[in-house]
Amino acid sequence: MFRRSIRRQRRTLLAGLACVATVAMTAGPTVAGAAPAAPESPGAPLALNDSGPFSATADASLLTLDIPAVSPALLPSTSIDLAHSIASTDSDADLVASRDGAQRSVALAGTTGDTSLLGAPISVQETIASAPTNQSFDDVLVPLAAAPLLDLSVIETSAEANWASDVECVAAEVPLSRADQTLADLALLGIAPDQSVLELDTDDDGAADTEAATYLASIDGPGDARAVQARATTTVSSANVLNGLAGPGSAIQVDVVQSPDYVASATGHPGGATVTGDQPVVNVQLAGEPLITLDDSNETAEATLTDLVLGDLLDLDGAALLPDLLTDLGLDALLPVVTPIEDAVQTALAELQPVVRLSIPVDIATAADGTSASVTASLLRVEILPPEALGAAEPLADVLNQILGAIGADLAAPLLSLDLAPIAASAVAPAGGIDCGGDLDNPLRELNKHASALEVAPAGTFDYNISVPNRGECTITDLVVTDTITGPAGFEVVGTEPDATVSGGTVTFNIGDLAPNQTVNLTITVRVPDDAPDGATFDDVVNAAGSCDGTPVQQDDRLDDIPTVRRNFDGPCSVEFSNKDASHIEVRPGQTFSYYVHAFNSGEEPCTDVEIVDTLDDRLSFVSCNRGCTNSGQAVTWNVDSIPGGSSMVLSVVVQVADSATGTLANTAVITPSNGTPVTVDTSGPVITDQSLPKDPAMPARDGDAGLPGQRGPLPTTGMELPLALAAAMGLGGLALAAIRRRGMA
């Protein structure tokens with residue numbers, strides 16, 4: 001494996017099912033680390049345990065900037081990609097063809113991606129690792145003295161690649177590939193003192209970071225079931241965009257509320273393709289004054305520049321300037337038309353107003369069969385659009401539009417496009433999933449634990465639910481389930497079902513015998529102390545142990561940092577963030593499994609006299625339930641006296657699939673508090689197949705849509721509109737650079 005500091009002419013990334021990386025390097029590389037011996041032959045690509053090929057890629061940069069070539073005399077093309085981290089894995093390809101042996105994983109942390117400044121390529125430095133055999137490198141890269149318009153101070157890079165073999169999996173917590181960069185200070189296209197397209201000063205706010213990684217993550221399922229995952233994240237605290245290009249008051253301060261952080265995951269099972277993580281949120285200021293918040297509910301803003309005109313950017317005084325401009329643009333044919341009305345053309349040009357578009361683009365795609373998931377996003381995208389000569393009288397309008405057409409080539413295409421913190425992640429899994437070879441004979445292998453909510457109020461209550469199915473052919477005897485909870489000092493276990501022995505945070509259930517295909521749900525109710533600090537979290541570890549035909553069997557599961565204590569619950573009773581889920585993604589005919597209703601009161605006032613009715617599909621038969629439900633035909637009903645503010649509970653029902661059943665088992669429940677609005681919750685339910693595949697149940701979230709543990713929902717907005725002064729200042733980039741370039745960067 002190898003690590004190199006190089007002058008790179010180009011890098012080629014080959015795409016396989018997701019993304020395959022190959023690095024072509026030239027100009028005399030300096031090897032910073034000796035490469036261990038590679039395998040003598042590449043070997044045939046093999047699927048892990050015959051599961052099928054999989055691939056993943058994650059890609060993160062600090063900034064990408066594209067300024068098309070307006071005219072060589074005005075502004076040569078500029079394409080910049082800073083702090084580019086990329087991690088790729090493909091089980092069925094050779095990602096670095098130049099190396100001996102089939103390289104299945106590659107990580108590359110490059111100070112720049114494919115970059116040219118004003119038409120000239122610049123030197124770059126990279127840290128690269130590939131596997132097999134496993135590699136891990138760390139470097140501190142020096143400034144790029146050869147690129148005066150790109151001032152990087154200190155950047156630390158690391159790259160790691162791991163691969164067990166073509167028939168073995170690395171451990172679930174070990175990345176297949178990971179690339180990471182930490183950047184100190186940055187100035188990009190600094191035309192003059194206090195003027196630049198981008199400034200990043202992290203002395204006070206902490207370093208910026210880009211990270212890309214791929215994994216085979218553990219999931220519930222037979223054996224050692226894995227999901228293919230790709231994670232991409234870029235962390236930026238603040239940045240100055242288009243800094244001072246029209247005077248000291250034009251600096252755009254971008255303060256980051258939440259950086260983009262996404263995980264694309266594919267399991268290969270229906271419903272098992274997801275994209276989770278944090279949506280971008282930015283506050284934008286001009287000269288220190290708050291202007292706008294952009295988030296996933298306020299994604300795009302566009303305005304005509306009214307506080308800034310072309311005359312502020314181009315020196316239109318002097319009789320010779322306009323003819324020179326037309327000559328530079330190759331529009332000499334307009335000279336006979338323009339000369340007689342030169343003053344009018346100059347005045348009209350000076351008054352034209354560029355257009356700016358701000359957005360936080362997020363594009364997510366998932367396959368219904370669970371085989372692929374992908375996301376692309378940016379923290380902030382700035383596009384400067386050419387102005388249009390609207391309202392000008394002929395022949396001015398025709399002349400102006402020809403000049404503008406020459407400047408912008410295509411009046412619909414941006415003069416400048418800047419993406420702050422762009423990321424991408426994709427994962428591809430084989431249909432049927434990946435099995436890394438676990439203990440398929442363990443009848444307790446589908447043990448599962450989850451909480452009733454992501455958040456809970458001080459003095460509120462929540463439930464842990466433990467599902468214990470017997471997936472073996474013998475009766476499990478002497479079954480004991482031990483659950484250990486840790487959390488803020490003073491929490492209490494205030495109830496269990498069935499009865500259990502409680503000692504502090506340790507709860508012990510003596511189940512006794514569990515027959516084949518029998519499922520038991522265990523409930524633990526926890527009360528949060530009144531003085532629990534905001535942000536405190538709970539952890540939980542559960543162990544089930546018994547005997548199967550005299551042979552000891554046991555299974556563990558854990559839940560970390562769920563739920564989190566929050567103090568900002570307010571308002572009347574509200575169950576709008578409750579949700580519904582099933583214990584399995586796939587079930588067999590005749591199998592037992594569970595449905596869950598997570599009833600969650602996101603208000604401050606208690607919800608009283610709450611009725612929950614769950615209607616079962618005709619292909620299911622009722623087996624059991626918790627919390628004293630009643631069953632009549634296919635209706636399962638719970639009546640709950642009260643759900644305190646900021647509290648939640650799990651209502652579970654065990655059902656059995658009919659032997660002749662096929663299709664998908666959707667399920668719906670209605671939650672009706674006497675003092676609140678009824679809410680209908682549903683789940684698409686498991687698919688009936690020839691295997692049993694459990695899942696981690698979803699939970700309701702105080703701040704957004706129901707989703708997987710840790711998934712964020714809709715983010716807060718200010719409701720402010722985009723001021724035109726911001727639009728004006730951000731329109732400076734392409735046109736100001738053109739003017740400065742024309743005047744010799746004076």
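Modeller: Start with C629, which counts as buried because its relative accessibility is 14%. Buried means under 20% relative accessible area, exposed over 50%, and partly exposed in between, using a 1.4 Å probe and protein chains only.

Biologist: What does C629 pair with in a disulfide?

Modeller: C625, with the sulfurs 1.8 Å apart. C625 counts as partly exposed, at 26% relative accessibility. The torsion about their S-S bond is -95°, and the link is left-handed.

Biologist: Remind me, what is a disulfide?

Modeller: A covalent bond between the sulfur atoms of two cysteines. The rule here is a pair of cysteine sulfur atoms within 2.5 Å.

Biologist: How many disulfides come out by that rule?

Modeller: The count is 4. With the bonded cysteines numbered in sequence order, they pair 1-2, 3-4, 5-6, 7-8.

Biologist: Hold on, where do these values come from?

Modeller: This is a predicted model: local features need pLDDT of at least 70, side-chain atom pairs count only at pLDDT 80 or more, and totals for chains, interfaces and linings use all residues. Residues are numbered from 1 along each chain as its sequence is written, and side-chain values use heavy atoms, with hydrogens and water left out.

Biologist: OK. Where does C169 sit, and where is its partner C436?

Modeller: C169 is in the loop between β12 (155-161) and β13 (177-183). C436 is in the loop between β29 (434-435) and β30 (448-451), 267 residues apart from C169. Strands are DSSP runs of E, at least two residues, and helices are runs of H or I, at least four; both are numbered from the N terminus.

Biologist: Are C169 and C436 buried or exposed?

Modeller: Both are buried. Their S-S torsion is about -80°, so that disulfide is left-handed.

Biologist: New topic: how many salt bridges does the structure hold?

Modeller: 13. A salt bridge is a side-chain nitrogen of Lys or Arg within 4 Å of a carboxyl oxygen of Asp or Glu.

Biologist: Which residue does K449 meet in a salt bridge at 2.0 Å?

Modeller: D540. K449 is in strand β30 and D540 in strand β38, 91 residues apart. K449 and D540 are buried. A network of salt bridges links K449, D483 and D540.

Biologist: And what about R226?

Modeller: R226 meets D224 in a salt bridge, 3.1 Å from N to O. R226 counts as buried, at 5% relative accessibility. D224 is partly exposed, at 21%.
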